[in-house]
Amino acid sequence: MAAPQLHSDHPGLKIIAEVTAIFAAGFASEDALAQVVGVLRRGLALRRCRLWRRHPTGDGFTPVTMPGDEAALIGFAAPVAEWIEQGPRWETSTAGALLRLPLLHETTTLGLLEAIVPEGRFQGVAHDVLVVVAQILAPVIAGTELSQDLASEVALRTREMDAQRGFAAKIIDSLPVGLYVIDRSYRIRAWNRKREAGTQGVTREEAVGQEIFDVLDRQPRGLLKREFDRVFDSGEIQQMEMESQASGGKRYYRITKIPMRQDSDDISHVITIGEDVTEWRDAQHRLAEAEKLAAVGQLAAGVMHEINNPLATILACSEALALRNEELPPGPRQHAEEYLRIIDTEVQRCRRIVDGLLDFSRPKTGEKRLVDLNALLEQTLFLLKHHDRFKRLALVRELTPGLRHLRADPERLIQSFMALMLNAMDAMDSRGVLTVRTGRSPDRDDEIVVELIDTGTGITADDIPKIFEPFFTTKPPGRGTGLGLSICYGIITDHRGRIDVASQVGVGSTFKVYLPVE
């Protein structure tokens, strides 16, 4: 629609109309103010026209003027603040009338309009026009500054919100768990970096916006949908554990589904967190084993002390009978001697079992000192090299030189290493390859590790959790008491170490002993 036209030829009205047309967009930009100064200078034939605008920092005034005006020169200064304090001024001079009009909006000083009006019959008209234009400029400049302040505030708040969103995203990406979020239509709305490195390796760009069933296509669609619907319907956190072999080895994951309410009481999203709890489960298992072995040890200590007394009585009676054996005729004497030998052998075997149990429950404590792990293993191998069955094994040494020393009781560590090596020898039936390897722990700088690798029959997955229990053995009767690995476990634990076992039936076993170093 065209703007209405003026019917009057009054020059002042035309100039005011031009000024208001410049501000039709509603903003007093630098370009718009420069246009206003040009219209006033040209339309009123002013010898000078300057608009002094308050600097955004509030500590001075910036001139808006025509090219060539000395006020635009660097270093030019004017006491604008004093002029504003003086209020409106109209002073006559030989060059014309000097007019200064402060630009005020409510109680705020925004600037000053300065002009030199030439003498003549239009001097009064020029004065009135400048007064009206000053009254127009003040609210327009105030509105522009307010808009700029609001725009700056919005921009600042936007930057803060973006920074907060970015910070929250960084936190989510830094979590050591896989996390994703779906909405009511089962579409993915968030997918963190840990999730990208998951078993399916789907990037965030590929996942966000897709249906969860299309991304997690290895899981049954119906089952996955029921799990999400249960959270949407009940509003309760759902948690489960699952086993996965997608990465090659067996891993355990704890999956937690959490309801999320975005704008109301209704559940709008479901957050799913997947945490690898394999190491945690292993630690819990080791802790349970340690507690069980400690309980067995305490029980053994009490029971074995009670057994020792009747064993001593039986042995004393056996010795007394042996002394009276000479009084028997030759035939009965021979039978009696055989029975007495059996009694003595079995009593001694019982005593060895008792001593072993006592060693397990209350390990002997010797003096601990700094020792070289490789040297201890060499001593152990030296003690075993004359063993008949050990001679038939192929031995491979892979001892890493320069390992840090550990504080230990050398005799007890040799005892534990010997138990592990004899166990490997029995598993291989005296034929096979035994590898003895040392090195730094791949997980911790303050540990070293001993690996004993055999090519024996291996241990079943069901038996591995039991091998350190007292009296547990897979050897045939008469080939052991089942206390060797139990005592070994107690010695390593007393040295603040741990033992990990990996085995495959028909291939062999690997015992890893981790020990802390100084």
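In which strand is the place of Thr 435?

Modeller: Thr 435 has its place in strand S14. Before going further, some ground rules: this is a predicted model, where local features need pLDDT of at least 70 and side-chain atom pairs count only at pLDDT 80 or more, while totals for chains, interfaces and linings use all residues. Residues are numbered from 1 along each chain as its sequence is written, and side-chain values use heavy atoms, with hydrogens and water left out. Strands (E, at least two residues) and helices (H or I, at least four) are DSSP runs numbered from the N terminus.

Let's stay with Thr 435 for a moment. Its relative accessible area is 11%, so it is buried; the cut-offs are under 20% for buried, over 50% for exposed and partly exposed in between, using a 1.4 Å probe and protein chains only. Setting aside neighbours within four places in sequence, Thr 435 is in contact with Val 396, Glu 398, Glu 451, Leu 452 and Ile 453, where contact means heavy atoms within 4.5 Å.

Those contacts point to the strands on either side. Thr 435 in S14 is the bridge partner of Val 396. S12 and S14 pair in the parallel sense, over five bridges; strands pair if DSSP finds at least two bridges between them. S14 also pairs with S15, this time antiparallel and over seven bridges. Across that pairing, Thr 438 stands opposite Val 450 in S15. S14 and S15 make a hairpin, with six residues between them.

Now widen the view to the whole sheet. It is open, has five strands in the order S12-S14-S15-S17-S16, and its pairing is mixed. Strands S12 (394-398) and S16 (498-504) are the edges, each pairing on one side only. On average, neighbouring strands are turned by 15° against each other, direction ignored; the angles run from 0 to 180 degrees between N-to-C directions, and axes are lines fitted to C-alpha atoms, for helices over the stretch in contact. Going on past S15, you reach S17, which pairs with S15 in the antiparallel sense over seven bridges. Glu 451, one of the contacts of Thr 435, has Lys 512 in S17 as its bridge partner.

Two helices lie across these strands. H13 lies across S14, S15 and S17, and runs at about 170° to S17. H14 lies across S16 and S17, running at about 135° to S16.

One more residue is worth a look while we're at H13. Pro 410 lies in this helix and is buried, with a relative accessible area of 7%. Leaving out residues up to four places away in sequence, Pro 410 touches Glu 367, Arg 369, Val 371 and Leu 376. Pro 410 and Asp 372 are 38 residues apart in sequence and 9.2 Å apart in space, C-alpha to C-alpha.

To put all this in context, the protein has 14 helices and 17 strands. Of its 518 residues, 37% count as buried. Counting contacts with a separation of 6 or more, 59% are between residues 24 or more positions apart.
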